[in-house]
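The sequence and structure come first.

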Amino acid sequence: PNLKFDLEILAGLSVLKELSCFHNRSLTGNINSLGVLKDALTKVTIRNCRRVQGNFMDLADFPRLMELNLIDTSVIGIFRILANVIF
């Protein structure tokens, strides 16, 4: 059984540097709820979590984010816009 949680519960983890979620059908939420962690996150990996949604440009102003991996989610965005944003 999968642990059920929404990305919003991470708001209390203000020093979280890396977030990795794999193959969790029960993970829900919008990636814009990670905004409260923007000064801490350096790596975000969410794979095969299709109930996670949002626009990946919501993460464009994360000053420490060095690696972004969003595979098989419901997150959308236009990659060519991101080309001008340095992670």
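## Nonpolar core

The largest nonpolar core contains 19 residues, and those with the most contacts inside it are Leu 19, Leu 27, Ile 31, Leu 34, Ile 46 and Val 52. At least two residues of this core come from each of β2 (18-22) and β4 (43-47). A nonpolar core here is a set of buried Ala, Val, Leu, Ile, Met, Phe, Trp, Tyr and Cys residues joined through side-chain atoms within 4.5 Å. Buried means under 20% relative accessible area, exposed means over 50%, and partly exposed lies in between, with a 1.4 Å probe and protein chains only. In soluble globular proteins, nonpolar side chains tend to be buried together.

Which residues does Leu 34 touch, not counting those up to four places away in sequence? They are Leu 10, Leu 19, Leu 41, Val 44, Leu 59 and Phe 62. Contact means heavy atoms within 4.5 Å.

## Basis of the model

This is a predicted model, in which local features need pLDDT of at least 70 and side-chain atom pairs count only at pLDDT 80 or more, while totals for chains, interfaces and linings use all residues. Residues are numbered from 1 along each chain as its sequence is written, and side-chain values use heavy atoms, with hydrogens and water left out.

## Chain overview

The protein chain has one helix and seven strands, which run β-β-β-β-β-β-β-α from the N terminus on. Helices (H or I, at least four residues) and strands (E, at least two) are DSSP runs, numbered from the N terminus.

Of the 87 residues in the protein chain, 36% are buried. Among contacts with a separation of 6 or more, 50% join residues 24 or more positions apart. The accessible surface of the chain comes to about 5500 Å², and 52% of this area belongs to carbon and sulfur atoms. Areas come from the Shrake-Rupley method with a 1.4 Å probe; for residues, only the protein chains shown count as cover.

Two strands pair if DSSP finds at least two bridges between them.

Strands β1 (residues 5-6) and β3 (residues 27-30) are joined by two bridges, and Asp 6 stands opposite Thr 28 in β3. Two bridges also link β3 with β5 (residues 52-55) in the parallel sense. Gly 29 has Val 52 of β5 as its bridge partner, and Asn 30 stands opposite Gln 53 in β5.

## Three-stranded sheet

Another open sheet has three strands in the order β2-β4-β6, again with parallel pairing. Its edge strands, β2 and β6, each pair on one side only. The twist averages 10° from one strand to the next, with axes fitted as lines to C-alpha atoms (for helices, over the stretch in contact) and angles running from 0 to 180 degrees between N-to-C directions.

Five bridges hold the parallel pairing of β4 and β6. Among the residues involved, Ile 46 has Leu 70 of β6 as its bridge partner.

## Thr 73

Thr 73 lies in the loop between β6 (67-71) and β7 (74-76). Is Thr 73 buried or exposed? Its relative accessibility is 17%, so Thr 73 counts as buried.

The side chain of Thr 73 reaches the backbone nitrogen of Val 75 at 3.2 Å. Leaving aside neighbours within four places in sequence, Thr 73 is in contact with Ile 46, Cys 49, Arg 50 and Val 52. Two of these, Ile 46 and Val 52, are also listed among the residues with the most contacts inside the largest nonpolar core.

Terms used:
A polar contact is a pair of N or O atoms within 3.5 Å; within protein, one must be able to donate a hydrogen and the other to accept it, and residues adjacent in sequence count only if both atoms are side-chain atoms.
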